[in-house]
Amino acid sequence: MTVLGGLNQEVRLPAAASIGAAIDSGLVGTIAFEISPDGANWYACSAQNAGTGAIASTVSSFPSRWQFSANCWQAARLRVSAYTSGASEIRTSVSDEDFNPIFPPSATGPISVLSTADVEVKPGD
């Protein structure tokens with residue numbers, strides 16, 4: 001468990017096939033989901049809301065639960081990218097089990113593939 005309550009505060013996690021984050025209410029700001037190939041350079045990544053199936057690279061509505069994958073990367077983090085006030089407790093979990101995105105039946109629009117573990121590409125596709 002970590003408490004984030006200031007600009008650029010972060011929780012770093014090891015790379016894993018599946019990362020879960022439960023973010024409690026309290027923070028008035030934005031948390032970004034990021035991954036890194038070397039622990040120094042960070043890039044935005046898409047995460048999926050565990051309740052609604054929504055895909056986003058940042059979140060500013062709490063409480064919420066999110067899942068994402070950092071497979072094939074060196075590290076992942078949740079970072080406060082915008083801060084107004086307050087603090088939120090963050091509970092995280094990491095697993096080497098494949099992350100299987102949950103898409104609600106009503107999902108429409110573009111979908112980000114977060115794991116290619118079960119994707120088969122055939123010639124001509």
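Of the 125 residues in the protein, 37% are buried, where buried means under 20% relative accessible area, exposed means over 50%, and partly exposed lies in between (1.4 Å probe, protein chains only). The model is predicted: local features need pLDDT of at least 70, side-chain atom pairs count only at pLDDT 80 or more, and totals for chains, interfaces and linings use all residues. Residues are numbered from 1 along each chain as its sequence is written, and side-chain values use heavy atoms, with hydrogens and water left out.

**Fold and surface**
- The protein has 11 strands and zero helices; these elements are DSSP runs numbered from the N terminus (helices H or I, at least four residues; strands E, at least two).
- Among contacts (heavy atoms within 4.5 Å) between residues at least 6 apart in sequence, 76% join residues at least 24 apart.
- The accessible surface is about 6,900 Å², and carbon and sulfur atoms account for 49% of this area, as computed by the Shrake-Rupley method with a 1.4 Å probe.

**Nonpolar core**
- A nonpolar core is a set of buried Ala, Val, Leu, Ile, Met, Phe, Trp, Tyr and Cys residues joined through side-chain atoms within 4.5 Å.
- The largest such core holds 22 residues, and I23, I31, F33, F68 and L78 have the most contacts inside it.
- Two or more residues each come from β2 (10-14), β3 (18-23), β4 (28-36), β9 (64-68) and β10 (75-85).

**Residue S88**
- S88 belongs to strand β11 (residues 88-95) and counts as buried because its relative accessibility is 1%.
- A polar atom of the S88 side chain lies 2.9 Å from the backbone nitrogen of L27.
- Beyond residues up to four places away in sequence, the contacts of S88 include T2, L4, D24, L27 and F62.

**Salt bridges**
- The whole structure contains six salt bridges, each a side-chain nitrogen of Lys or Arg within 4 Å of a carboxyl oxygen of Asp or Glu.
- R91 pairs with D24, with 2.9 Å between the closest N and O atoms; R91 is in strand β11 and D24 in the loop between β3 and β4, so this pair ties together parts 67 residues apart in sequence.
- R91 also forms a salt bridge with E89 (3.4 Å, N to O).
- E34 and R77 form a salt bridge (2.5 Å, N to O), linking strand β4 to strand β10 across 43 residues, and both residues are buried.
- Salt bridges with shared partners join E10, R12, E34, R77 and R79 into one network.

Note on methods:
Polar contact = N/O pair within 3.5 Å; in protein donor to acceptor, adjacent residues only side chain to side chain.
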